[in-house]
Amino acid sequence: MKTRIPCASAAALAACVLFAAVTIPVIPYPPGDRTQPLPRQITPGGGGTEYQPGAPPSDAVVLFDGQNLSGWQHPDGKPADWLVTGGTLQVKPKSGDIQTTQAFGDCQVHVEWATPDPTRGSDQEPGNSGVFLMTLYEIQVLDSFRNKTYPDGQAAAVYSQYPPLVNSSLPPGAWQTYDIVFHGPRFSADGDLTRLATATVFHNGVLVQDHVTLTGPTEWVKRPPYHAHAAKMPLRLQDHGQPVRFRNIWIREIPDATR
Ligand code: MG
């Protein structure tokens with residue numbers, strides 16, 4: 001009788017090596033240990049409607065609550081001059097991008113946005129804007145309900161890198177939501193890349209980016225390599241010449257930034 005030896009074949013050996021490379025996490029508390037600190041209790045937010053923005057969780061940093069742009073500026077430091085009207089923030093075409101005055105690291109971001117109705121143009125024009133994590137990594141904002149463009153340039157794409165898993169767009173003028181979980185890259189003291197950035201995105205509550213690994217900053221028709229930058233940087237909104245509206249923007253930093 002033949003005895004089967006694990007990892008005897010090349011395929012099985014490869015599988016064993018792969019298995020050996022997996023590291024099971026060590027949790028510092030045994031199961032059910034009541035000495036483990038309880039999670040902080042917060043008040044969760046609420047979902048928005050067509051007529052009313054949602055409410056942020058109680059521990060969120062509110063970046064825009066419909067009142068003013070006090071926490072925003074243009075990249076050159078000039079005061080943000082996009083239009084605040086009726087509780088919404090509207091891109092002022094040709095005025096330039098705006099970004100938060102505060103810098104953030106790994107984070108959860110919520111943004112509500114609406115593309116113009118009626119639309120203007122086609123392809124990359126209608127309702128083009130963007131949510132830039134750390135000013136460098138864009139989640140595309142676009143009217144992708146009927147308007148067609150290249151897949152990694154449509155709404156909810158990690159621009160020029162990953163198309164969304166599905167097209168979960170609503171029509172022009174409708175309020176839509178992004179919920180983003182972003183882990184930024186890490187660099188050593190001498191500038192070497194030590195961790196890649198990842199993004200998870202829900203568009204209107206639907207998973208469209210599942211923990212994708214970014215190739216570097218997002219740019220038009222190219223994929224430039226990472227370059228060293230700070231562990232915390234502002235959140236930026238794009239002026240692409242279209243009067244896109246925003247409301248209820250908040251962010252929560254993810255505590256364990258080294259994870
Ligand atoms: Mg854009």
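Modeller: Begin with burial: a residue is buried if 20 or more other C-beta atoms lie within 10 Å of its own. Keep in mind that this is a predicted model.

Biologist: Using that cut-off, are the two faces of strand 8 buried or exposed?

Modeller: Both are covered. Tyr137, Ile139 and Val141 lie on one side, Glu138 and Gln140 on the other, and all are buried. Five of the five residues of strand 8 (residues 137-141) are thus buried, so the strand is largely enclosed by the rest of the structure.

Biologist: How many bridges join strand 7 and strand 8, and in which sense do they pair?

Modeller: Two strands pair if DSSP finds at least two bridges between them. Strand 7 (residues 129-133) and strand 8 have five, in the antiparallel sense.

Biologist: Which strand pairs with strand 7 over two bridges?

Modeller: Strand 14 (residues 236-237), also antiparallel. There, valine 131 stands opposite leucine 237, and phenylalanine 132 has arginine 236 as its bridge partner.

Biologist: What is the strand order in the sheet?

Modeller: The order is 2-5-14-7-8, in an open sheet of five strands with antiparallel pairing. Strand 2 (72-73) and strand 8 are the edges, each pairing on one side only.

Biologist: Why is strand 7 described as largely enclosed?

Modeller: Because five of its five residues are buried. Ser129, Val131 and Leu133 point one way from strand 7, and Gly130 and Phe132 the other way.

Note on methods:
Residues numbered from 1 in each chain as written. Predicted model: local features only at pLDDT ≥ 70, side-chain atom pairs only at ≥ 80, totals over all residues. Buried ≥ 20, exposed ≤ 12 C-beta atoms within 10 Å, placed from the backbone. Helix = DSSP H or I, 4+ residues; strand = E, 2+ residues; numbered from the N terminus.
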